[in-house]
Amino acid sequence: MKPFVYTAQAARVVFGAGSLARLREEIERVGARRALVLSTAGQRASAERVADMLGPAAAGIFARAVMHVPVETAREAREVARSLNADCAVAIGGGSTTGLGKAIALDSGLPIVAIPTTYAGSEMTPIYGITEGGLKKTGRDAKVLPRTVIYDPQLTLGLPNTLSVTSGINAIAHAAEGLYSVDGNPIMDLMAQEGIAAFARSLPAIEADPADIEARSNALYGAWLCGTVLGNVGMALHHKLCHTLGGSFNLPHAETHTVVLPHALAYNAPAAPEAMQRIARALGVADAAQGAFDLAQRNGAPTALRDIGMAAGDVDRACEIALQNQYPNPRPLERDAIRQLLQDAFEGRRPS
Ligand code: NAD
């Protein structure tokens, strides 16, 4: 067995259908009395519901979270938190809303109570990102790790089908790269395999019936596991490519992960055979890369970068940007092979 270092991160997880009802006691548990509730404009009704539940413990609502946390939005939200004397941020939504909570916590140290409604997994990581002048800077800081996470599958019943599948595959990507991470460990490997398996069984069931609460619970359970992997071990080529494509070409986050994952796995397969076997076993298929492609295609998710807003002329530039910095990856970064990977992802070819 290879040597490893494992430091558990302290986050309290409250899981189960209906667990939102425990929000008030969870707020008290973090010692807060004036919570600022965060959401996107589209999820304002959820934020209002949360504020109603909190009653006098709600200081206000900031319903302007958007993708990638623009620095201007972060500044505005920090100012609102300050002016309301908020002592806690409650983030209800996906990675964009959790990300805004993290931007506030980074500045003020306010505790975050996260209520995730997608499978992106940000709630389980100490990783933050803020976008300034078109560049997204990311970093790690223990104070942005939410103090408490409430996973209530009932809040995900309305997650649209395509976003359910793409967000689920976004989560699978964290687990898959965790399995070949340079600083992986046996606990994260177990969580990664179980997380992938949870999505392999739940995504087709959600596609068949989006209101299937058992399937929704399994998916959110998978999100917790895969998010924990993301928060604990380093990612590799796949995440680097998606960061480049999202940041430089403004491609949508979960869809980009969905399209790129099969190709990143195919690229790394010769250098990480054991991880690939584990991923394939968790997906219940013979080949990890093909399995990831089929999971997307069979459940109605996009499989080609050209279908989610990338222009053919951008493939060369994406390749250049992705190769600018070296980072750990099972297979060395080879220019021609990565150019081919991006071309395959652009066209939506099934890995052979
Ligand atoms: P998102 O948070 O942008 O949500 C996408 C859209 O779906 C939003 O309009 C949102 O309001 C809506 N939505 C969310 N849940 C819904 C529900 N249950 N029902 C109906 N609509 C719902 O998307 P995301 O994929 O969750 O997050 C992406 C962002 O999170 C990216 O910026 C990414 O970089 C970041 N992220 C960060 C980390 C980290 O560890 N820091 C991890 C994963 C993702």
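H68 is placed in the loop between β3 (58-65) and α3 (71-83), where helices (H or I, at least four residues) and strands (E, at least two) are DSSP runs numbered from the N terminus. The structure is a predicted model, in which local features need pLDDT of at least 70 and side-chain atom pairs count only at pLDDT 80 or more, whereas totals for chains, interfaces and linings use all residues. Residues are numbered from 1 along each chain as its sequence is written. Although H68 is not a glycine, its phi is positive, at about 70°. H68 is partly exposed, because 17 other C-beta atoms lie within 10 Å; by the criterion applied here, a residue is buried if 20 or more other C-beta atoms lie within 10 Å of its own, exposed if 12 or fewer, and partly exposed in between, with C-beta atoms placed from the backbone. A positive phi, of about 60°, is also found at N85, which is not a glycine either. N85 belongs to the loop between α3 and β4 (88-93), and with 11 other C-beta atoms within 10 Å it is exposed.

The protein chain as a whole has 13 helices and 8 strands. For 352 residues, a compact globule would have a radius of gyration near 20 Å, and the 19 Å of the protein chain agrees with this; the radius is taken over C-alpha atoms, and the globule rule is 2.2 Å times the number of residues to the power 0.38. Along the principal axes, the C-alpha atoms fill a box of roughly 60 × 45 × 40 Å. Of the 352 residues, 53% count as buried. Among contacts with a separation of 6 or more, 74% are accounted for by residues 24 or more positions apart, a contact being a pair of residues whose C-beta atoms, placed from the backbone, lie within 7 Å.

The domain assignment gives domain 1 (12-156) and domain 2 (161-347), with bounds that come from an automatic or database domain assignment. The C-alpha centres of domain 1 and domain 2 lie 25 Å apart, and 19 residues of domain 1 are in contact with 22 residues of domain 2. The side of domain 1 that touches domain 2 consists of 11 nonpolar, 6 polar and 2 charged residues, where Ala, Val, Leu, Ile, Met, Phe, Trp, Tyr, Cys and Pro count as nonpolar, Asp, Glu, Lys and Arg as charged, and the others, Gly among them, as polar.

The ligand is surrounded by 29 residues, of which G94, G95, S96, T118 and S122 are the closest; a residue is near a molecule if its C-beta atom, placed from the backbone, lies within 6 Å of it. Two or more residues of this shell are given by each of α4 (95-108), β6 (127-132), α5 (161-179) and α9 (253-268), and α4 gives the most, with 4 residues. In composition, the shell divides into 9 nonpolar, 20 polar and no charged residues, and at least three residues are drawn from each of domain 1 and domain 2.

The largest nonpolar core has 115 residues, of which A35, A89, V90, I172, L265 and I279 touch the most other members. Such a core is a set of buried Ala, Val, Leu, Ile, Met, Phe, Trp, Tyr and Cys residues joined through C-beta atoms within 7 Å. Because domain 1 and domain 2 both give residues to this core, it lies between them. When residues up to four places away in sequence are not counted, I279 touches A176, L179, I196, L265 and A288. In helix α10 (residues 273-283), I279 is one of the buried residues, together with A275, M276, R278, A280, A282 and L283. The cover over the buried residues of α10 includes α5, α6 (186-208), α9 and α11 (288-298). After α10 comes G284, whose phi is positive, near 75°.

Two further residues were examined for their surroundings. F249, in helix α8 (residues 237-249), counts as partly exposed because it has 17 C-beta neighbours inside 10 Å. Its contacts, leaving aside neighbours within four places in sequence, are with M310, D314 and A318; F249 and D314 are 65 residues apart in sequence and 8.1 Å apart in space, C-alpha to C-alpha. L333 lies in the loop between α12 (315-322) and α13 (335-347) and is partly exposed, with 16 other C-beta atoms within 10 Å. Not counting residues up to four places away in sequence, L333 touches L323, Q326 and I338.

Notes:
Two residues are in contact if their C-beta atoms, placed from the backbone, lie within 7 Å.
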